[in-house]
Amino acid sequence: MAAARASPESVQHLLALLDASLSPDAARRQAAEAALDQAAAAPGFGLALVAVLLAAGGELPLGLRQLAATVLKKLVREHWTEESPHYKGPTVAAEEKDAIKEQLPAGLGDESSKVRTAVAMAVAGIAKWDCPQAWPGLIPGLVQAITAKKNVHLVNGSVRCLAMFVDEQGDEQIMAIAPALLPELLGILRSDEYGPALQRKALSILHTILEVLQELSSGATLAAVKQLFTSALPGWLAEFARLLSKPLRAEEPESWGARMECLQCMLLMITGFSKLAGPHIGPALAAAWQMYCSSLPLYYELAIDSDEGEVDTGDAESDAVDFGSLISQLLEVVLALVGNQRWQGMLQAQLQPLLHLALGYMQMTAAQVERWGGDPNQYVADEEDDFSTVRAAGEMLLDELFEAFEGEVAAPLAAAVAARLQEATAARAAGREDWWKLREAVLYGVGTVSDHLLSLAGSGGRGLPLDVPGLMASILRVDLVPSAPPFLIGRALWVASRLAPAIPAQHRAAYMQAAVAGLAPGSPPAVQIGACRALAQLCEKARPEELVAAAPQMFAGLCQLLQSSTDEILHLVLETLTAALKAAPEAAVQWEPHISEPALNAWVNNVADPLLSYDAKELLEALAAIPACLPSLQARMLPTLCGIVSQPAQHSPILVDGAVELITLALAPSGAEAARQIHEAATPAMLQLLLHHDDGEVLRSATAYLRTLLQVAGAAALTWPAPGVPDLLAASLQAVQRLLQPGLEDRACSLVGQLIMELLRHAGPQMAPLLPGLLQALVVKLTVADDPAMVQSLLCVLAQLLHSEQQQLLDCLAGMQLGDGRSALEAAMQKWCERQIEIRTPYDIRLTTTALAGLLTAAHPALDAIQVKGMRLDTEGGIRTRAKARTTAEQWSVVPLRVKLVQLLTDAFIEATTQEEEEGEWEDGSGSDEDEDAGSDAPPSQGVKVAVKRFLGGFDEAGFLTEDTAADQALSGVDPREAARRATDPINSIDIPAAVREVFQRVAAAQPALMQAGSEQLTPTQLEALKRIFGQS
């Protein structure tokens, strides 16, 4: 049955509208555009567009045909399917859709390349929704057109069309077409008939096929992939070698795109098919290496010395490829070889030329000099976040070389650095204006691998083939002089920041002075940026007398930049000022007025920017830590901040939350009198937030404020008056009740336990009559809480009360009924036993573990009646999938509470006694997969390994908190004041193994049946630990 065609009348009407839409008369043009939008809803409009688009032989102007294609694409977006995000409706009728899909592909063979591209885009737009289910014949038809080769234009259009949407096809579709398609695409690559633009499209299809098929890794499909590439890869790799071995020429930019696609395909072969490609890829890699070795002069001509590297290829069907992108892709291939052990040996003997060339490629291009000179913020952003340029690829290559070859790279790097520095000196002597680019690139390369160099040197830069002290001395002579180009001065200062530990003592003051001088008003932005980077590091290393000498000029320059900087540079300035304040607090006092107000403004103006707002907050916190600065800082901050928190409806939650945090920051280091003033100004608004605000972060921060007020002022704070707050204790308990509401999100109230603990410390007797109601609300909240920090917060309150008032707490909870019929004691114990393994920080582990030990021996009858989850019973039968989890509930044994306590305390003993053995497994990855699987099948001790690291891995050899424990404390709401309190708390020094041994021995003597019942529920690992507890092994 013949497909429907557009009527001549509809075509003529469409042509008139299209012609009118191109009219210079605005009214006529707008009327035509509106009519086209209206016509899109009428039947037959799509067929009329196809008829105009496919009109051949010069019947219609090319511009009208292209316009018809544009309108057709719009029709597909808005009327083809309701799944489209741009859908407007009505939907094109099914019969019309079928007719469009039958007729449209014929345009892929049009003589005009512009029409072929337009048709290909229209076909691809439809294929996105219909292929393969509703258009099963499309891909086979395109492959057939490519295979038949009856019409060079049709081959061209079909390849381009397929390249536009093949990446959206599934692996089954790709596997179905690849065997027939790959040889035809290879034929296009081998033939000069089709040209480099079409060859690039053929390679892009191959790239998509490689991407899809490298993900397949199962059964028959994997075997089919291996069979396919075993036969296909040799021919492709031979062609890659031929293509890449051709000389690169400035006058042949149209060939760059095909080479770049070729390199991208090679990259996938190296990373995804290295075993299959290995026997055949040698010549292609040799050609790529030769390209790497020979392309620097052309890169210099087209990119470093000019901005001519981005060239319009003249091909309407292909995007231009700039030469820099090609070289960046080349370096990415080299990077992949360095990171693959299979190919590292090939590069090991070529490290010096590899590094010598990398430093040359890392030179700033003319375009970068122009862009960064005009936009300093972009300069900073690109330095931090750019991963796509040649310069960034060179940086990653240097780093990867040290990762792969470690100390072997040092000598070749030293030779490459020396050679390139000599070349830069010779270029300068020859009068070349851009001599500095090579020297800047060398410094950039050295700074990039500074961590590796300092690690290898061990101390002070000595013992390396690269003379770091000598380099630092030469930088002072050559680069840090007023006549040097700004980008070179900035880079020299940046290197000083990277190699600060290696700067010889006799040069530190000179570097400090050079960095300070770079801050001066009128200094080029690149110099000021480098100065900030240098000072952020030099301040940490400088001697006191050096800081005293530099401080006036340093703070003057930084304060001036704080006033005038934006975006990325402001980020640097804030970081540098923070470092300067911490290094020279006495000298900073006179600069507080010039720092605090601009810093507060920077925070207010950038509160939605997580980086800038954090940096501003860090700066204000550093100021607050200087006692002499604190009073004036508070006087400047509080009016603005209290104004925000007292009118929360007029501000965004993020601004209110930040204001609360800053008020707390100002409160934390205060004395009693200053804390009282802050309380009078801020506490009423904080209580209103806690009672009425809905934002979780605001509620959490306001809770932290109240806790900090009690930490700073103690019980005295509860007696201080404040406007509208006659009784702070009653108001605080009202806020606590709201925070314990079951419907409130966990994050919002995750610090409520810490607030309750502070209230108990400072107002325990006054709270006694109110404690039952508070405990009931706490247990109800505990039963519904899921967030680990929230659960821990509440469990620690119960643990603390068990330590101080065990009998009273047990009586209270046992006599309290919850809505589900359980006693509060039963509900609390069931939750506690489930979540004890998630407790973080060594102090909280000690607190809760010893509280549980006390429960094991507590003579309270209510404890004997409580049943809790014991061991997982559904661990057999393979992996528990999500589908299985939805249909089958977890199965647990039920055991008496005291039996479960034996298990938990045994795990606590294991945590505290097996650090070295277990940590070794985590650090070197020596644990086998079988061990991990076995561990996951032992429910009662499934968290033991994690818990051991959690408990004892929190301290380094010197006894200081590690980063992991600092993170645990932050997640658990432990601030510096609470950390200091904990350090002197007797609980902090409890020896858990001794405590567990003591309580088990008492239980074994007094209740041997309980100890026997508990041991029967233990895993083999736990039983071994129990033997050690009783000295039996």
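Two cavities of 30 Å³ or more are present in the structure, which is a predicted model. A cavity is here a set of points, on a 1 Å grid over the protein atoms alone, where a 1.4 Å probe fits but cannot get out; grid points are joined across faces, edges and corners, and a volume is the space filled by probe spheres set on the points. The volume of the largest cavity is about 160 Å³. Its lining consists of 17 residues, of which Gln-754, Met-757, Cys-796, Glu-978 and Arg-982 are the closest to the centre; a lining residue has an atom within 4 Å of a point. Two or more lining residues come from each of helix H37 (696-713), helix H39 (752-767), helix H41 (788-814), helix H43 (842-857) and helix H51 (976-984). The largest contribution to this lining is that of H39, with five residues. Helices (H or I, at least four residues) and strands (E, at least two) are DSSP runs numbered from the N terminus.

Residues are numbered from 1 along each chain as its sequence is written, and side-chain values use heavy atoms, with hydrogens and water left out. Local features need pLDDT of at least 70 and side-chain atom pairs count only at pLDDT 80 or more, whereas totals for chains, interfaces and linings use all residues.

The protein chain contains 54 helices and two strands. Of its 1033 residues, 54% are buried, where buried means under 20% relative accessible area, exposed over 50%, and partly exposed in between (1.4 Å probe, protein chains only). The accessible surface of the chain is about 43700 Å², and carbon and sulfur atoms hold 52% of this area; areas come from the Shrake-Rupley method with a 1.4 Å probe, and for residues only the protein chains shown count as cover. Among contacts with a separation of 6 or more, 74% are between residues 24 or more positions apart, a contact being heavy atoms within 4.5 Å.

Aromatic pairs were assigned to rings of Phe, Tyr and Trp (its six-membered ring) with centres within 6.5 Å; planes under 30 degrees apart count as stacked, over 60 as edge-to-face and the rest as tilted. Tyr-299 is buried at 3% relative accessibility, and Tyr-361 is buried with a relative accessible area of 0%. An edge-to-face pair is formed by Tyr-379 and Phe-487, with 5.3 Å centre to centre and 80° between the planes. With Tyr-379 in helix H20 (residues 376-385) and Phe-487 in helix H26 (residues 486-498), parts that are 108 residues apart in sequence are tied together by the pair. Tyr-379 and Phe-487 are both buried. One aromatic cluster comprises Trp-289, Tyr-292, Tyr-299 and Tyr-361.

A charge sits over a ring if NZ of Lys or CZ of Arg is within 6 Å of the ring centre and within 35 degrees of the ring normal. Arg-391 is placed over the face of Tyr-444, 4.2 Å from the ring centre. The charged end of Arg-491 is over the ring of Trp-494, at 4.6 Å from its centre.

His-207 is part of helix H10 (residues 195-213) and is buried at 17% relative accessibility. Apart from neighbours within four places in sequence, the contacts of His-207 are Glu-261, Gln-264, Cys-265 and Leu-268.

Most residues other than glycine have a negative phi, and most peptide bonds are trans. Gly-89 and Pro-90 are joined by a cis peptide bond with omega of about -5°; Pro-90 is in the loop between helix H4 (62-79) and helix H5 (94-103). A cis peptide bond also links Cys-131 and Pro-132, with omega of about 5°, and Pro-132 is in the loop between helix H6 (113-130) and helix H7 (138-148). Asp-567, which is not a glycine, has a positive phi of about 50°. Asp-567 is located in helix H30 (residues 567-583) and is partly exposed, at a relative accessible area of 46%. Thr-841 has a positive phi near 75°; Thr-841 is in the loop between helix H42 (824-835) and H43, and is buried at 1% relative accessibility.

Terms used
1 Å grid on protein atoms, 1.4 Å probe; cavity = no way out; pocket = protein on both sides within 12 Å on 5 of 7 lines; lining within 4 Å.
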